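Please consult the sequence and coordinates shown below alongside the text.

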Amino acid sequence: MVPSHWAAASAQTPSRRRGAVLERAILEAALDQLGTVGWNGLTMEGVAAGAQTGKAAVYRRWPSKEDLVADALRSGLPDFDTVPDLGSVREDLLELCRRARDAMYSRPGFALRSVIHECDTRQAERFHAVIIKGVVEPTLKVLCEVINRGMERGEVRHDAANGYVFDAIPAMMMYRSKICASEWTDRELEEMIDQLMVPLLRPDGP
């Protein structure tokens, strides 16, 4: 029988983590740090403490703060590969906006915004590929599929598949989020789709 004081000591000592389990804990801690103290406040020491590991374990895998944050963002970015098909371009765009809104206010979303808003130009270049590959390109691909499907149904004018139209929703959402501090309620999303996107896309629109 194991002595009671040995059992208590064992219960208080965290199990030793290695490999993917430890790496996941470190990446999660980095996302937490970005969401709470931001890019400028994030330190490798703080991440190590959040992951309940030593600083050496962090540096052994990621030699710099930029390397760590880039991998943390990649691991946490939402999946925009699934294209909604709810029967109309209005409903499809509205569902996409809800997903984007929820992603913006998720933990990875707060982390990404802290990087975008706080990094200087040199630092921002380090994350350019992460943002383009992980956010911009998947979003544009889904928007393109929704609009092309709307064309096939006769809901969307045939010259609507262009960069200005594709930029409209992301630009509005980022502007209202960053400049106006709007959290985009469901009603506001519906108004944007009904007052901006539907008139812009319909065959008798601009």
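In the protein chain, 68% of the contacts between residues at least 6 apart in sequence join residues at least 24 apart, a contact being heavy atoms within 4.5 Å. The chain holds 11 helices and 0 strands, and its elements run α-α-α-α-α-α-α-α-α-α-α from the N terminus on. Helices (H or I, at least four residues) and strands (E, at least two) are DSSP runs numbered from the N terminus. Of the 206 residues in the chain, 39% are buried; buried denotes under 20% relative accessible area, exposed over 50%, and partly exposed the range in between (1.4 Å probe, protein chains only).

This is a predicted model, in which local features need pLDDT of at least 70, side-chain atom pairs count only at pLDDT 80 or more, and totals for chains, interfaces and linings use all residues. Residues are numbered from 1 along each chain as its sequence is written, and side-chain values use heavy atoms, with hydrogens and water left out.

**Confidence**

The mean pLDDT of the protein chain is 85, and 89% of its residues reach 70 or more; pLDDT is the predictor's confidence in each residue, from 0 to 100. Helix H4 (residues 44–50) has the highest confidence, at a mean of 96, and helix H1 (residues 4–12) the lowest, at 44. Over residues 4–15 the pLDDT is below 50, and this stretch has 1 contact in the model beyond near neighbours in sequence. Where pLDDT is low, the predicted coordinates should not be read in detail.

**The largest pocket**

The largest pocket contains about 650 Å³ of space. On a 1 Å grid over the protein atoms alone, a pocket is an open set of points where a 1.4 Å probe fits, with protein on both sides within 12 Å along at least five of seven lines; lining residues have an atom within 4 Å of a point. Grid points are joined across faces, edges and corners, and the volume is the space filled by probe spheres set on the points.

Of the 27 residues lining the largest pocket, Met104, Val135, Thr139, Pro170 and Met174 are the closest to its centre. Two or more lining residues come from each of helix H7 (89–104), helix H8 (107–118), H9 and H10, and H9 supplies the largest share, 7 residues. By type, the lining divides into 23 nonpolar, 2 polar and 2 charged residues. Here Ala, Val, Leu, Ile, Met, Phe, Trp, Tyr, Cys and Pro count as nonpolar, Asp, Glu, Lys and Arg as charged, and the others, Gly among them, as polar.

**Selected residues**

| Residue | Relative accessibility | State |
|---|---|---|
| Arg101 | 13% | buried |
| Arg157 | 13% | buried |
| Ser177 | 9% | buried |
| Gln52 | 62% | exposed |

Arg101 lies in helix H7. Leaving aside neighbours within four places in sequence, Arg101 is in contact with Met173, Glu183, Trp184, Thr185, Asp186 and Leu189. Ser177 belongs to helix H10; its C-alpha atom is separated by 9.4 Å from that of Arg101, 76 residues apart along the chain.

Arg157 is placed in the loop between helix H9 (121–152) and helix H10 (163–178). The side chain of Arg157 reaches the backbone oxygen of Leu200 at 2.8 Å.

Gln52 occupies the loop between H4 and helix H5 (55–61). Although Gln52 is not a glycine, it has a positive phi of about 55 degrees.

How values were computed. A polar contact is a pair of N or O atoms within 3.5 Å; within protein, one must be able to donate a hydrogen and the other to accept it, and residues adjacent in sequence count only if both atoms are side-chain atoms.
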